[in-house]
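Please study the sequence and the structure before reading the solutions.

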Amino acid sequence: MDRDYRAVAKMYDFPVDRVKGDDLSKFRIERARLRSSWYFLGITIVCVAGYGWALSYQVESKNIAVVLVLQFFIGAAITCLFNMCGTLLTDLNPHNPALAQASSNIIRCALSAVGLAVLQEMINHIGPGWTFTVFAALCLLIAPMVVAEVRWGFAWRSKGLQDIELQAHGTAGSTDP
């Protein structure tokens, strides 16, 4: 992530100040933090789909080596993605990072609970291969969101900061309801 940060800073001629820290309101932090996410998202998608099909064939062959290797790569790739997104979330919420992380964890755990609630029923009806292919497709649906965040995140954030400043200056001393 540090290498990506430096590369994006160099790309936009943004000076990096390790002592005082950087003014992220003028920096495309979304691009810096999500720059390498494509590798890990791709690994996750391929390995999750492969995991389901390996489970399907593992039942017949009794060999779990492929399943365990895929679990390792899924875990490693998802951990990298969580770290990237968590760091971005902290960067975007410097005044209250704990609240932002807690909110993220609630949503993540709620979605995991939904996924686990339907997992066994899906496996029973369509088998593990197709079940995890569906989960891989859900992971694929994240890609457009990452593209949108990288492409328009800075503009959205800048607009939000402008709106906050306007509200702070516009409502100070105002008597209008």
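**Exercise 1: Aromatic pairs**

The structure holds 7 aromatic pairs, where rings of Phe, Tyr and Trp (its six-membered ring) pair if their centres lie within 6.5 Å, and planes under 30 degrees apart count as stacked, over 60 as edge-to-face and the rest as tilted. Classify the pair Trp53 and Trp130.

Solution. The ring centres of Trp53 and Trp130 are 5.2 Å apart and the planes stand at 80°, so the pair is edge-to-face. Next, locate the partners: Trp53 belongs to helix α3 (residues 37-61) and Trp130 to helix α5 (residues 97-140), 77 residues apart, and the pair thus links distant parts of the chain. Helices here are DSSP runs (H or I, at least four residues; strands are E, at least two), numbered from the N terminus.

The model is predicted: local features need pLDDT of at least 70, side-chain atom pairs count only at pLDDT 80 or more, and totals for chains, interfaces and linings use all residues. Residues are numbered from 1 along each chain as its sequence is written, and side-chain values use heavy atoms, with hydrogens and water left out.

**Exercise 2: A second pair**

Classify the pair Phe132 and Phe135.

Solution. The centres of the Phe132 and Phe135 rings lie 5.8 Å apart with planes at 85°, so this pair is edge-to-face. Both residues lie in helix α5, 3 residues apart, about one turn of the helix.

**Exercise 3: Helices and strands**

How many helices and strands does the protein have?

Solution. The protein has 6 helices and 0 strands. Along the sequence, the pattern reads α-α-α-α-α-α.
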